[in-house]
Amino acid sequence: MSFRVTTSEVEAIAALARIELDGPEVELFARQLGDILGYARELQAVNTSDVAPTAHVAGSQDTERPDEIRPSLDRTSALQNAPDAWSEGGLFKVPRVLG
Amino acid sequence: MSEAASVRGLREQIRSGSRSATEICREALATVKALESSLHAFVTITEEHALKRAAEIDKDPRRWRDKPLSGVPIALKDNLCTRGIRTTASSRMLESFLPPYDATVVSRLEEAGAIIVGKTNCDEFAMGSSTENSAFGPSRNPWAPDRTPGGSSGGSAVAVASGMTPVALGSDTGGSIRQPAALCGLVGLKPTYGRVSRYGLLAFASSLDQIGPLARTAYDAAVVLAVIAGADPADATSTPTPAADYAAALTGDIRQIRIGVPWRLLENGVDPAVLQAFRVALDVIRARGAVVEHVDLPHAKHAISVYYLIATAEASSNLARYDGVRYGYRAPNTADLGSMYARTRRLGFGPEVKRRIMLGTYVLSAGYYDAYYLKAQQVRTLITGDYQRAFDQVDAVAMPTTPTAAFRLGERTADPLQMYLGDVFTVSANLAGLPAISIPCGFTQEHLPVGLQLTGRRFEEAALLRLADAHERDTDWWQRTPELGI
């Protein structure tokens, strides 16, 4: 089934997904997402009136446990993989947020 | 396969004291080293860690001798967190990530005496069906090195099929254990959703992901499953339903077990050699007393569409955490936070991961949500209902695991949709949360392995393993090994 995703749609989605793309990638994804979504449009022919959606198949009920304090990751370990961190202060560092 | 190279054989050697864990470990590491350059099963080989663990086991036989996996070398897919051992998910994004904790399956394996010899190559973040999406290069199929081992747990399949380790763990979101098991001639089991804790598994699609074993025999898979299965307070989706004694279920008695075959689903697109091997496997099972009949799964043909909408939607959310702040790669020299995020994700993720994040973001975005994501969730309900009805009639559903045997490296990389369509028989077990196993059931004329897939009722892994073991007793496909020139 032919289906078109435009390059401006791809650019809008890339902005939402926080992924920088170059021109050729935008073109490529427009074509490939169009192919995949075009294929998936076959679902439109399936009658789903009165069919509830399935979000998960865990099949479990809510369970309770005592609200007890348990050990968790210490701050040094939590920071050890950060690309930039101020370990004495216990903080992750990021580039400036406001201009 | 020599008996000595199986979990059963190694466990006996440790128990009787005829070989030490260190000897077994050194032998496994030597095989890894001899074959790694030609097959590329691993991202990281943990030689030092493994030998240290083996020495601990040898030093205290009273503590370790009777543990279910005492001294057994195992390979772990590199999306399972190992404390202090690099865990990359085959992504640049996590190239130097050192987890501060172990996945629950990892601590359970080590408590059971298993020795981790390395972290295996996979498609980046488990997204793919060939390991060609690894940032560190593809793995190669031991049966035909110009072909893929399948994926995404391809490295784990290569490690077991080439005799590096008797067992490995993989993860399966849409077939990523069963498809490489089929393409490499192994047993691969995706347990029921909730059977095995995912704590410490790098999340791809949380309503679908499960961890499971790849092995040479049903028995070895059963022993590993018994070790890793069971409730875990750290994973709210893990079930309180107790795990069974899976090895004890392997009685060989499959009389009156009813097997359903959805013949209509197999009418198009299945390679004749695969179909032929599948029919022979059904004859083998029938000859042992099982009953084979037709079953209808009218919505299973929609499973690929449903899967690739739901899995990518969940992935787009799960992979939002890779933003260059708390762990992983960060792009250098960016002007502000927003451009740091976008460039980090540009440089840290490979093309397939970006494609899936984009697709998932698209189907969740305003205006498209109902037409794609909600529709897919509704058809997921119908697919699950098909299986529920089928299991009123039969005890297991049989299909080929894949429509074709192993394909050539590069053959499907240019067309992502073509790659996705190969997952047609595996994805529905994930959508319905059911256990499914792939077992070796023959070879094509080009000597490529073919897999039989059996899907069962929720939490009935024991029934699938019993069928797998019964089929093994009457065939020798599983005993064949690839020629590796060592």
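A word of caution before the details. This is a predicted model.

Let's start with chain A. Its secondary structure is three helices and two strands. Read along the sequence, the pattern is α-α-α-β-β. Now, is this chain a compact globule or more spread out? The radius of gyration is 23 Å. The globule rule gives 13 Å for 99 residues. The value for chain A is well over that, so the chain is more spread out than a compact globule. The C-alpha trace spans about 55 × 45 × 20 Å along its principal axes. As for burial, 17% of the 99 residues in chain A are buried. And the contacts within the chain? Take those with a separation of 6 or more: residues 24 or more positions apart account for 42% of them.

Next, the contact between the chains. Chain A puts in 41 residues, and chain B puts in 51. Which helices of chain A each supply at least two residues to its side? They include α1, residues 7–16, and α2, residues 23–40. The largest share comes from α2(A), with seven residues.

Let me zoom in on one helix pair across the contact. On one side is α1(A); on the other is α12 of chain B, residues 351–364. Their axes lie 9 Å apart, and the packing angle is about 95 degrees. Angles of 65 to 115 degrees count as roughly perpendicular, and α1(A) and α12(B) are therefore roughly perpendicular to each other. Which residues make the contact? From α1(A), they are I13(A), A14(A) and L16(A). From α12(B), they are M358(B), T361(B) and Y362(B). By class, that is five nonpolar residues, one polar and no charged.

Now over to chain B and its sheet. This is an open sheet of 11 strands with mixed pairing. The order is β1-β3-β2-β4-β6-β5-β10-β11-β9-β7-β8. Where are the edges? They are β1, residues 42–45, and β8, residues 291–294, in chain B. Each of these edge strands pairs on one side only. On average, neighbouring strands of the sheet are turned by 30 degrees against each other, direction ignored.

I want to stay with one strand, β6(B), which covers residues 210–215. In the sheet order, β6(B) sits between β4 and β5. Take the β4 side first. Strand β4 of chain B, residues 167–172, pairs with β6(B) in the antiparallel sense, over six bridges. One bridge sets A168(B) against L214(B). In another spot, D172(B) stands opposite Q210(B). Then the β5 side. Strand β5 of chain B, residues 187–190, also runs antiparallel to β6(B), joined by two bridges. There, V187(B) stands opposite A215(B).

Is β6(B) enclosed or open to the outside? Six of its six residues are buried, so β6(B) is largely enclosed by the rest of the structure.

To recap: chain A is more spread out than a compact globule, α1(A) and α12(B) are roughly perpendicular, and β6(B) is largely enclosed.

Definitions and conventions:
Residues numbered from 1 in each chain as written. Chains lettered and ligands numbered in written order. Predicted model: local features only at pLDDT ≥ 70, side-chain atom pairs only at ≥ 80, totals over all residues. Contact = placed C-beta atoms within 7 Å. Helix = DSSP H or I, 4+ residues; strand = E, 2+ residues; numbered from the N terminus. Rg over C-alpha atoms; globule rule 2.2 N^0.38 Å. Buried ≥ 20, exposed ≤ 12 C-beta atoms within 10 Å, placed from the backbone. Axes fitted to C-alpha atoms, helices over the stretch in contact; angles between N-to-C directions. Parallel < 35°, antiparallel > 145°, perpendicular 65-115°, else oblique. Nonpolar A, V, L, I, M, F, W, Y, C, P; charged D, E, K, R; others polar. Pairing = 2+ DSSP bridges.
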